[in-house]
Amino acid sequence: MPRRGRSSSRVDRNALERDRRQHTKELFSRLGFLLPTPLSKRSLPELLDQATTHVKQLGQRVEMLKQKKQLLEGSGTDDQITGIRDHMTGEAWLPVLTVSDLGSMLEVCVKSGSNKKFILHQVIQVLEEEAAQVVALSYSNVGDRIFYTIKAEAVSPRIGIETSRVRERLKELML
């Protein structure tokens, strides 16, 4: 009789753990659908990193909208007025970075304001230092934004490219 009790409790624990994992998987899936740039195959760290970046951007947008509201209500300071004007002309756009691992290839997408001092050669230098050779680069202007897409492949396909290291180094450039 005692063996049945242990077996039953183990089955209950396994069922609870399976339900917990399924619930967690569903929550991460819902989080992935809420992000503005869905990636087809995203690792959990990439998903959390992109979600964190998105939340920070939303926070910055909320602050800018609060300042704009104060300006429209007539209670804004000169510094706030300048900040809003800069934002509207593209000077305050912060660069947004996404790095996608495509096997032995890497795709780096950067969105930046046209007036932001963004130095493309530094991005290429980081890629080269991380053993990635740039094979394609394109850009387009849309309004006051510039979109860069850089495709790079591993210098040595056996070694590959350490995507997380590249992402961290490029984030440091964007600050």
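**Notebook: surface, fold and sheet**

I began with the surface: the protein exposes about 12500 Å², and carbon and sulfur atoms supply 54% of this area. I note that the model is a predicted one.

I next looked up burial. Of the 175 residues of the protein, 23% count as buried, where buried stands for under 20% relative accessible area.

I then recorded the secondary structure, which comes to 5 helices and 4 strands. Along the sequence I read the pattern α-α-α-β-β-α-β-β-α.

Among contacts with a separation of 6 or more, 49% are between residues 24 or more positions apart.

In what order do its strands lie? I found an open sheet of 4 strands with the order 1-2-4-3 and antiparallel pairing. Strand 1 (96-102) and strand 3 (132-142) are the edge strands, each pairing on one side only. On average, I find neighbouring strands of this sheet turned by 15° against each other, direction ignored.

I followed one pairing in detail. Over how many bridges do strand 2 and strand 4 pair? Strand 2 (residues 105-113) and strand 4 (residues 145-154) share 9 bridges in the antiparallel sense. For background, strands of a sheet pair through backbone hydrogen bonds.

Lastly, I looked up the placement of helix 5. Helix 5 (residues 163-174) lies across strand 1 and strand 2.

Technical notes:
Residues are numbered from 1 along each chain as its sequence is written. This is a predicted model: local features need pLDDT of at least 70, side-chain atom pairs count only at pLDDT 80 or more; totals for chains, interfaces and linings use all residues. Side-chain values use heavy atoms; hydrogens and water are left out. Two strands pair if DSSP finds at least two bridges between them. Helices (H or I, at least four residues) and strands (E, at least two) are DSSP runs, numbered from the N terminus. Axes are lines fitted to C-alpha atoms, for helices over the stretch in contact, and angles run from 0 to 180 degrees between N-to-C directions. Contact means heavy atoms within 4.5 Å. Buried means under 20% relative accessible area, exposed over 50%, partly exposed in between (1.4 Å probe, protein chains only). Accessible areas come from the Shrake-Rupley method with a 1.4 Å probe; for residues, only the protein chains shown count as cover.
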